[in-house]
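User: Hello! I am new to this one and would like a short tour. Could you show me the structure?

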Amino acid sequence: MVKCDKCQKDAVTYIRYNGSHLCQGHFSEFVEKRVKKEIRNQTNFNKVKNVAVAISGGKDSSVALSLMHSVVKERRDVTLTAITVDEGIENYRPETIKCVRELCDKLDVTLEIVSFKDHVGYTMDDISKNLGYRTPCAFCGVFRRQCMNAVARNINADIIATGHNLDDNAQAILMNFTRGDVERLARLSPHVRIQPGLIPRIHPLRQIPEKETYLYAIINEIPFSDKECPYWSAALRNEYRDIIDELESRSPGTRHSILSSYDAIKPLLIEKYPQKDLGKCKCGEPSPSGKCMACKMLEDLNKK
Ligand code: SF4
Ligand code: ZN
């Protein structure tokens with residue numbers, strides 16, 4: 001049995017991109033150290049008083065909540081709230097919400113659940129099955145961000161932490177580069193500028209590969225659901241996932257390089273495409289141009 005590079009215990013994993021073998025304890029420590037560093041890099045954490053964590057019940061956001069909880073519990077002046085969006089997806093969301101409740105009970109964290117049905121009037125199943133949209137993810141992403149922001153603002157959250165891991169971040173960067181959407185590239189979260197009404201989003205797991213969040217969840221007995229959304233195959237992002245997986249398997253460290261290249265040019269992108277001051281849509285949400293994207297999408301749905 002291969003031993004841990006840091007102690008005499010059996011290794012549970014081999015980290016290809018840095019060539020190390022780690023035991024359970026040292027692997028968890030390796031994850032926690034990078035997450036704490038990311039939280040410090042992405043926020044002025046000493047000033048934060050109210051943290052919201054967006055949790056879906058999958059492994060990434062469940063690990064993000066557990067780690068934010070362990071960081072926040074060292075500070076008695078900080079409140080932590082979990083927020084779950086119920087998109088209304090049969091055979092998927094009810095089970096994941098069960099896992100969210102289990103974790104929130106275990107950590108003694110308050111949970112807010114907001115549903116698409118209450119907030120926008122449609123479930124994702126309505127949009128896909130009744131209205132016939134075969135690639136419903138575009139609606140889902142916009143409505144989810146809006147619900148999350150509205151709830152976080154209502155509870156006076158200073159930041160929203162999400163479960164986006166290294167793979168998600170590398171995919172988003174590559175996707176926007178490939179599409180030539182440089183303006184959006186300049187505005188990718190984690191957010192650097194605070195806009196009125198828009199709660200900044202941070203990604204504590206930004207440096208942690210997806211496989212490591214999975215292993216961390218298993219080792220630390222964090223409840224999560226690995227059920228997949230039935231609409232997942234329609235997600236455009238999957239092409240980029242395959243490309244990055246292929247690149248990473250040929251040259252380990254590719255995902256980290258994509259991120260660090262992006263971080264190096266991000267200040268230049270922001271300088272070239274400064275973010276416009278956001279106005280307010282009539283629904284109350286911040287928007288760069290009058291009507292917000294969620295309201296435009298809702299109008300389309302209402303016409304059907
Ligand atoms: Fe929403 Fe698409 Fe994700 Fe399902 S796969 S939760 S429909 S964005
Ligand atoms: Zn060890």
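User: Which strand is joined to β3 by five bridges?

Analyst: Welcome! This is a predicted model, where local features need pLDDT of at least 70, side-chain atom pairs count only at pLDDT 80 or more, and totals for chains, interfaces and linings use all residues. Residues are numbered from 1 along each chain as its sequence is written, while chains are lettered from A and ligands numbered from 1 in the order in which they are written. Strands (DSSP runs of E, at least two residues) and helices (H or I, at least four) are numbered from the N terminus. β3 and its parallel partner share five bridges, and that partner is β4, residues 79-86.

User: Why is β3 largely enclosed by the rest of the structure?

Analyst: A residue is buried if 20 or more other C-beta atoms, placed from the backbone, lie within 10 Å of its own. β3 covers residues 50-54, and it is largely enclosed because the number of its five residues that are buried is four.

User: Which helix gives the most to the shell around ligand 1?

Analyst: Among the ten residues around ligand 1 (C-beta atom, placed from the backbone, within 6 Å), C137 and C140 are two of those that come nearest. The helix that gives the most, with three residues, spans 137-154 and is α6.

User: Which residue with positive phi follows α7?

Analyst: Helix α7 has 14 residues, 166-179. Its buried residues include L166 and I173. Next, with phi near 75°, comes G180.

Conventions. Buried ≥ 20, exposed ≤ 12 C-beta atoms within 10 Å, placed from the backbone. Pairing = 2+ DSSP bridges. Expected span 1.5 Å × (residues − 1).
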